[in-house]
Amino acid sequence: MLLAQEVVAAPAEARFMASKNERIQLIIDGDLINLTPLSEVYIRERPGKHRVHIKVFDRWGRVKMIYTDEVLLRPHSRNSFILKTHPFKGSSLLRIAPEPYHEKIRRPGARKDYPEARRSLLNDEEYHQLLDQLKYQQNDQAKLHLVKSRLKNKLLYAADVQEMLYQFSFEQSRLHLAKWAYRHVTDPENYEVVYKALRLEASHIQLENFISRSHSNQRIR
């Protein structure tokens with residue numbers, strides 16, 4: 001009984017998408033998750049087995065098909081599913097290898113030794129709004145464009161960068177943003193937390209080399 005309670009209480013994330021970049025509407029256990037059809041739909045805090053209905057829309061906004069299935073959302077993981085459709089073989093909901101769940105990162109308070117940062121630091125409302133908007137971007141390229149445009153004249157914390165990287169699907173995109181954002185953090189001494197969001201050791205090495213070159217260039221100046 002105690003184990004069952006722990007599973008129910010454990011955090012979980014899930015991402016649903018359709019092949020061919022089709023837009024979908026997700027219904028879980030009778031609850032409509034997104035009113036506007038999206039290419040990817042995210043949910044949180046729903047571990048366990050659920051009944052799902054996925055409405056697939058065509059490019060004119062009409063319902064193309066409705067797929068029904070049961071899914072198990074594993075706790076402590078990001079569960080990703082893709083709906084594959086075939087004109088002759090029918091449709092199937094495939095599970096993509098899950099990623100470990102990361103706990104929500106708490107932002108540190110404003111630092112008194114950063115007077116310039118306090119004036120241009122991304123505030124909590126702006127930060128969480130940016131995180132929410134990242135979830136609804138169609139691909140990593142659109143996410144990178146959004147982050148760069150929003151942070152052009154802003155500063156943020158290293159922990160903020162770490163959490164943003166988890167919103168990107170591809171390692172190359174995560175590494176690109178990790179390099180770009182380094183010059184936008186108020187606490188570069190804490191940038192080691194960003195490495196946790198990079199999956200490959202090669203990415204760690206590339207980011208470390210990039211930071212070392214940045215310090216070398218500053219000393220030359």
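# Burial and pairing in a predicted model

Student: How many of the eight residues of α5 are buried, and why is it described as largely enclosed?

Tutor: This is a predicted model, and in it Ala158, Ala159, Asp160, Val161, Gln162, Glu163, Met164 and Leu165 of α5 are buried. Helix α5 is largely enclosed by the rest of the structure because the number of its eight residues that count as buried is eight.

Student: Which helices do the buried residues of α5 pack against?

Tutor: Helix α5 spans residues 158–165, and its residues Ala159, Asp160, Glu163 and Met164 meet Tyr127, Leu130, Leu131 and Leu134 in α3. Besides α3, the buried residues of α5 pack against a helix at 140–150 and another at 171–181. The helices that pack against the buried residues of α5 are therefore α3, α4 and α6.

Student: Are α3 and α5 roughly parallel or roughly antiparallel?

Tutor: The axis of α3, which covers residues 124–135, comes within 10 Å of the axis of α5, and the two cross at roughly 15°. Helix α3 passes α5 in a right-handed crossing. Since angles under 35 degrees fall into the category in question, the crossing angle makes the relation of α3 to α5 roughly parallel.

Student: Which residues of strand β1 are buried on the side that holds Met17, and which on the other?

Tutor: Strand β1 comprises residues 13–18, and six of its six residues are buried, so β1, like α5, is largely enclosed by the rest of the structure. Both faces of the strand are covered.

Student: Which strand runs parallel to β1 and is joined to it by six bridges?

Tutor: The pairing of β1 with β4, residues 40–44, is antiparallel and extends over five bridges, and in β4 the bridge partner of Met17 is Glu40. The parallel pairing involves a strand at residues 77–86, in which Ala18 has Leu83 as its bridge partner and Met17 stands opposite Ile82. Seven of the ten residues of this strand are buried, and its name is β7.

Student: Which strands stand at the edges of the open sheet of four strands?

Tutor: The order of this open sheet is β3-β2-β5-β6, and the pairing is antiparallel. The strands at 31–32 and 63–73 each have a single partner strand, so one side of each is left without a neighbour in the sheet. The edge strands are β3 and β6.

Student: Across the protein chain, what percentage of its 221 residues count as buried?

Tutor: The protein chain holds seven helices and eight strands, and it exposes about 13100 Å², of which carbon and sulfur atoms supply 52%. Among contacts between residues at least 6 apart in sequence, 60% join residues at least 24 apart. The share of the 221 residues that count as buried, with under 20% relative accessible area as the cut-off, is 43%.

How values were computed. Residues are numbered from 1 along each chain as its sequence is written. This is a predicted model: local features need pLDDT of at least 70, side-chain atom pairs count only at pLDDT 80 or more; totals for chains, interfaces and linings use all residues. Side-chain values use heavy atoms; hydrogens and water are left out. Buried means under 20% relative accessible area, exposed over 50%, partly exposed in between (1.4 Å probe, protein chains only). Contact means heavy atoms within 4.5 Å. Accessible areas come from the Shrake-Rupley method with a 1.4 Å probe; for residues, only the protein chains shown count as cover. Two strands pair if DSSP finds at least two bridges between them. Axes are lines fitted to C-alpha atoms, for helices over the stretch in contact, and angles run from 0 to 180 degrees between N-to-C directions. Angles under 35 degrees count as roughly parallel, over 145 as roughly antiparallel, 65 to 115 as roughly perpendicular and the rest as oblique. A crossing is left-handed if the near helix is turned anticlockwise from the far one by less than a right angle, and right-handed if clockwise.
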